[in-house]
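Me: Please take a close look at a single part of this structure. Keep it brisk.

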Amino acid sequence: MELRRLGNSGLKVSVLSMGAMTFGESHTFMKGLTSEDDEARRVFDRAIDLGMNLVDTANIYGDGTSEFLTGQWVKEKRDRVLVATKCRFPFGMGSGKPVGPYDQGLSRIHIMRACEESLRRLGTTHIDLYQVHMQDGSVPIDETLRALDDLVTQGKVRYIGCSNFTGYRLTESLWSAEKHRTQAFVSVQLQWSLIVRSAEREVLPACRRFGVGTMIWSPLARGFLSGKYKRSEAAPEGSRLAVWKDSMKSLDQQQNWAILETVDGLARKHETTSSAIALAWLLSKPETSTIVVGARTVAQLEDNAKALSVKLSAEDVAELDTVSKPDWGYPYDFIGMREPW
Ligand SMILES: NC(=O)c1ccc[n+]([C@@H]2O[C@H](COP(=O)([O-])OP(=O)(O)OC[C@H]3O[C@@H](n4cnc5c(N)ncnc54)[C@H](OP(=O)(O)O)[C@@H]3O)[C@@H](O)[C@H]2O)c1
């Protein structure tokens, strides 16, 4: 599988990487939407066979079981597989459980504690890419970076990344790292798909400008672009969007169905799957370092991996760009009439 450099770092990541959010039974936001452990193991093994060299998990996925299973399975392949995990959110998110000030966030105290716990669950001496899961406006970015820098110095973490950052906060973090000579984020993990293109306003231009790598999450818009959802039909029973009714409601818009129909049409033209077309569109973008693929079953994984053999023409990409074009708003429209922003 093609490897791409993660930003300006020395990390080389496969263009498709394995998302582990469906590994391990969940009692919180992924309740009922994860794989049986045996199937998750097969998904993991198949992903590695396909050439993926990076697995992305988080402390809170499966309330810790995702990290635990990832750690077990990666053991014998540790020299070939990079492990990325995240901290920031509290355990039991959404369960109503009380959350103390150091049970979450990007303070030095929480980061140090969360990292030790992740290392223990993963059963490893080091994390290859340690990501902060979302910006934290209540903690100075200098404190967060200094804590992450210490983890690198201690040998517990190799590289640091962020996720769900605004453009201004990412830029501030790069200034801070330069000013205080700490480690800088090598990557941003962000939501990007034909359905959700808002990262193209600020975060992706910042990545281009400053050489920050990207890891794309929910590349199929939670499965919406997989081809199994149809305009006039109920969501298939047990699927994520049948369970997450609010997400389905917000996706139920004229433009999204038009995007899906264009994707389905190109899938027929290229004799491939809808998900392969949706992922191939992301692969055609130079800002994409790696797409974090979500697959609950081996069949889904194989469907999605077909993206690697799709060759979208410039006209195909333009058709997808046009049908999915959001209302960029000011100042992007104003600038965009004259030059790329
Ligand atoms: N940093 C963050 O804040 C953040 C947030 C979310 C995710 N992530 C990362 O990104 C990864 C991927 O995110 P995601 O799971 O939301 O990605 P996604 O590709 O948008 O959705 C994946 C889901 O869509 C369905 N699906 C996928 N391929 C399919 C196929 N070929 N045919 C039919 N259905 C298919 C499956 O759900 P069902 O079978 O249940 O319908 C699958 O679990 C996660 O594992 C995680 O590592 C990060």
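Reply: What follows is a close look at one strand and its surroundings.

This is a predicted model: local features need pLDDT of at least 70, side-chain atom pairs count only at pLDDT 80 or more, and totals for chains, interfaces and linings use all residues. Residues are numbered from 1 along each chain as its sequence is written.

The part is strand β9, residues 213-217. Helices (H or I, at least four residues) and strands (E, at least two) are DSSP runs, numbered from the N terminus. In β9, 5 of the 5 residues are buried, so the strand is largely enclosed by the rest of the structure. Buried means that 20 or more other C-beta atoms lie within 10 Å of the residue's own; 12 or fewer means exposed, in between means partly exposed, and C-beta atoms are placed from the backbone.

In a regular strand, side chains alternate between the two faces of the sheet. Gly213, Met215 and Trp217 point one way from β9. Thr214 and Ile216 point the other way.

Now the neighbours. Strand β8 (residues 187-191) pairs with β9 in the parallel sense over 5 bridges. Pairing requires at least two DSSP bridges between the strands. Val188 has Thr214 of β9 as its bridge partner. Strand β10 (residues 290-293) also pairs with β9 in the parallel sense, over 2 bridges. There, Ile216 has Ile291 as its bridge partner.

Val188 and Ile291 are among the residues with the most contacts inside the largest nonpolar core, which has 97 residues. Such a core is a set of buried Ala, Val, Leu, Ile, Met, Phe, Trp, Tyr and Cys residues joined through C-beta atoms within 7 Å.
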